[in-house]
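Colleague: I'm new to this one. Could you walk me through it?
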Amino acid sequence: MTNARLTVLLAGTALSGCLDSPAWKDFPKPGSSATAAESSTSSGEWPSLTTGSGGGVLTTTIDPDPTSTGEATDTAGTTGAPIDPLIVGHILGPDPLESGGPIAVSIATEHADGVRMQVDDEAPLELTALGSGAFAGEIVMASGLANGPHSATFTAWRAALESEPLVVPFTVALPEPGIELFWESAGLIGKGSIAALAVTATGDVLEFGTYYPANQPRCYLRRRDLAGAWSDDDLVVPLPDTTCAAIDMKVAPTGEIFTLASRTDNNDTRWTLGKLPSWGSPLENIGQGTAKEDAYALAIHPEMVAVCGAHPQPTLDLDAFVAIFRPNAPGIVKAFDYVATMEHAIDESARDCVFVGDGLALVGEAKGKHEGDFMPKRNRLFVLELAANTFEPTWTVAPAGPGTQSGATGVALDDQERLILSAYTCGDACEPEGALRMFSPGMGFEWPVSLGLGIKRPHAVAWHPAGYAVVVGAREVDPLSTIFWAQAWIPGSNQPLWTTEHSDAVTLQIAYAVAVGPYGHVIAGGMGALGYPAIAYIGG
């Protein structure tokens, strides 16, 4: 249903809703684990509709299994013939669509049991019956790649009878993909950087980062709208008196904000997982790691959250680890050792992780003597698949490719449940070259593509609903000067779809994080010139 040039999502559920999830409460205590008005197209007489709160926009479901109520006949006439279903009114808007969001669709009918909607040449779907002959749904165009004229065709039906099709044209005029729409990097909160980003279903942009009041590192959360604006009430310092460095953040389907940070108490530095039940609420401690254990990323599932990283072993090596936290249950921690020739001979560091269904995939680097005892220790990119419930591990370690070394820095899940990896390759004297890889269970690694001159190690990758990956990092000009950089790729292609760069000075400027919202908003964040937090809104 998705192609590279046109993305039409006929919403199966209201985007303002969320998955069924348990309440995130009663977690184990710290230490319990080892670790303006829009235009629209309308006509005809319109009956009053009853919908949920949708901010003035209909956000309803599409009925997957409509049923017929039987035949209507011409009882007022003399023929007794069945009366054809009729479409007597419609609303479709905004038209044109100029910013990311749904196009609301409402159809008024007579003598109809259902309404089918077909957008362009996509497969028809049923709208949701609201009662009194009204039906509704929404169309999501998530990318400027779909800019131009389109049409939606509606057909009312009852049993085997159908109305005359109603064809409603509409226009998509979203921002050009890759264009910079908003940029902020200034000393509004002082020096610092953004470590993680999220776009919520309600349209908030959240950033989690580190800043330095009185030259002391502190974690902060900032909330913006989709125009980039924020106020004093949108800045939260969850641990104001604690030395803290932001690592990652994820937002649960139910709206809770999970933060992963490195905090220092009494000269003891450990990773800590926290939760804000809602914006502005106190931070709740969920769990923490052991001394010298490094956590690099979070993964979110409707029923659990995972921390992944590297765990030191008594054998003086590192093992990839994952800590799983569920509501009302103690944390579960597992460490995993990749055995090439002997146990605990290779250091494994999980740099990122993502849930694939109920299973979990970790990606990173395995450093050791992969070719034998007489060869040097080398990094190799790995994917570690953990089976649902049992955590049974399946290791896939990349062989030598363009260089003798490689590694993964981030992972995203595409719409076919393939893993898209931000990665790097290099020789024994490692001068990294940025790359993307794709991994499919049973197929292994595919699509090794270079990110081009000056891209060393990309920092993060995210999947866009228009069918492409967005990867971020920095383009090196010289060892002391880099450019804030983001690029989009369609899997399997050999040229980028678009590239965005920003530079305010000849200095270090880096994108560390990227997020894509449900309506295709692309947000990148990191550090700008003069060491200030930087954020960019980019056309998707």
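Colleague: Which strand gives the largest share of the lining of the largest cavity?

Modeller: That's E19, with 3 residues. Keep in mind that this is a predicted model. Strand E18 (257-265) also matters here: E18 and E19 (268-276) each supply at least two residues of that lining.

Colleague: What volume does the largest cavity have?

Modeller: About 60 Å³.

Colleague: And which residues line the largest cavity?

Modeller: The lining is made up of Phe208, Cys219, Pro238, Leu239, Cys244, Thr259, Ala261, Thr272, Leu273, Gly274, Leu283 and Asn285. Sorted by class, 8 are nonpolar and 4 are polar, with no charged residues.

Colleague: OK, next one down. How much space lies in the second largest cavity?

Modeller: About 30 Å³. Its lining consists of Pro399, Gly401, Pro402, Gly403, Gln405, Ser406, Thr425 and Arg437.

Colleague: How do the residues of that lining divide by class?

Modeller: In the second largest cavity you get 2 nonpolar, 5 polar and 1 charged.

Colleague: Switching to sheets. In what order do the strands of the E33 sheet come?

Modeller: The order is E33-E34-E35-E36, so to speak from one end to the other, and those 4 strands form an open sheet with antiparallel pairing. At the edges sit E33 and strand E36 (498-502), each pairing on one side only. On average, neighbouring strands of this sheet are turned by 25 degrees against each other, ignoring direction.

Colleague: How many bridges join E33 to E34?

Modeller: There are 5, between antiparallel strands, with E34 covering residues 468-478. One example is Val461, whose bridge partner in E34 is Val471. The E33 and E34 hairpin has 3 residues between the strands, and Gly467 there has a positive phi near 95 degrees.

Colleague: What about the other end, how many bridges join E35 to E36?

Modeller: Also antiparallel, and joined by 5 bridges; E35 spans residues 481-489. Ala486 has Thr500 in E36 as its bridge partner.

Colleague: Which residues sit on each side of E33?

Modeller: Ala460, Ala462 and His464 are on one side, and Val461 and Trp463 are on the other. Every one of these is buried, leaving both faces of E33 covered. As a general point, side chains in a regular strand alternate between the two faces of the sheet.

Colleague: Now rings. How many aromatic pairs does the structure hold?

Modeller: It holds 9. One of them is Trp183 with Phe484, an edge-to-face pair at 4.9 Å centre to centre, with 85 degrees between the planes. This pair links distant parts of the chain, since Trp183 is in strand E12 (residues 180-184) and Phe484 is in strand E35, 301 residues apart.

Colleague: Are Trp183 and Phe484 buried or exposed?

Modeller: Both are buried. Then there's Tyr338 with Trp395: their ring centres are 5.5 Å apart and their planes are at 50 degrees, so that pair counts as tilted.

Colleague: Where in the chain are Tyr338 and Trp395?

Modeller: Tyr338 is in the loop between strand E24 (332-336) and strand E25 (347-356), while Trp395 is in strand E28 (residues 393-397). They are 57 residues apart, and their pair links distant parts of the chain. Tyr338 and Trp395 are buried. Ring pairs also bring in Phe382, linking Tyr338, Phe382 and Trp395 into a cluster.

Colleague: What is the phi of Lys292?

Modeller: Near 70 degrees, a positive value in a residue other than glycine. Lys292 is in the loop between strand E20 (284-288) and strand E21 (294-301), and it is exposed, with a relative accessible area of 73%.

Colleague: And where is Leu316?

Modeller: In the loop between strand E22 (304-312) and strand E23 (318-325). Leu316 has a positive phi near 70 degrees. Its relative accessibility is 80%, so Leu316 counts as exposed.

Technical notes
Residues numbered from 1 in each chain as written. Heavy atoms only, no water. Buried < 20%, exposed > 50% of the residue type's maximum accessible area, 1.4 Å probe, protein only. Pairing = 2+ DSSP bridges. Axes fitted to C-alpha atoms, helices over the stretch in contact; angles between N-to-C directions. 1 Å grid on protein atoms, 1.4 Å probe; cavity = no way out; pocket = protein on both sides within 12 Å on 5 of 7 lines; lining within 4 Å. Points joined across faces, edges and corners; volume = space filled by probe spheres on them. Nonpolar A, V, L, I, M, F, W, Y, C, P; charged D, E, K, R; others polar. Phe/Tyr/Trp six-rings, centres within 6.5 Å; stacked < 30°, edge-to-face > 60°.
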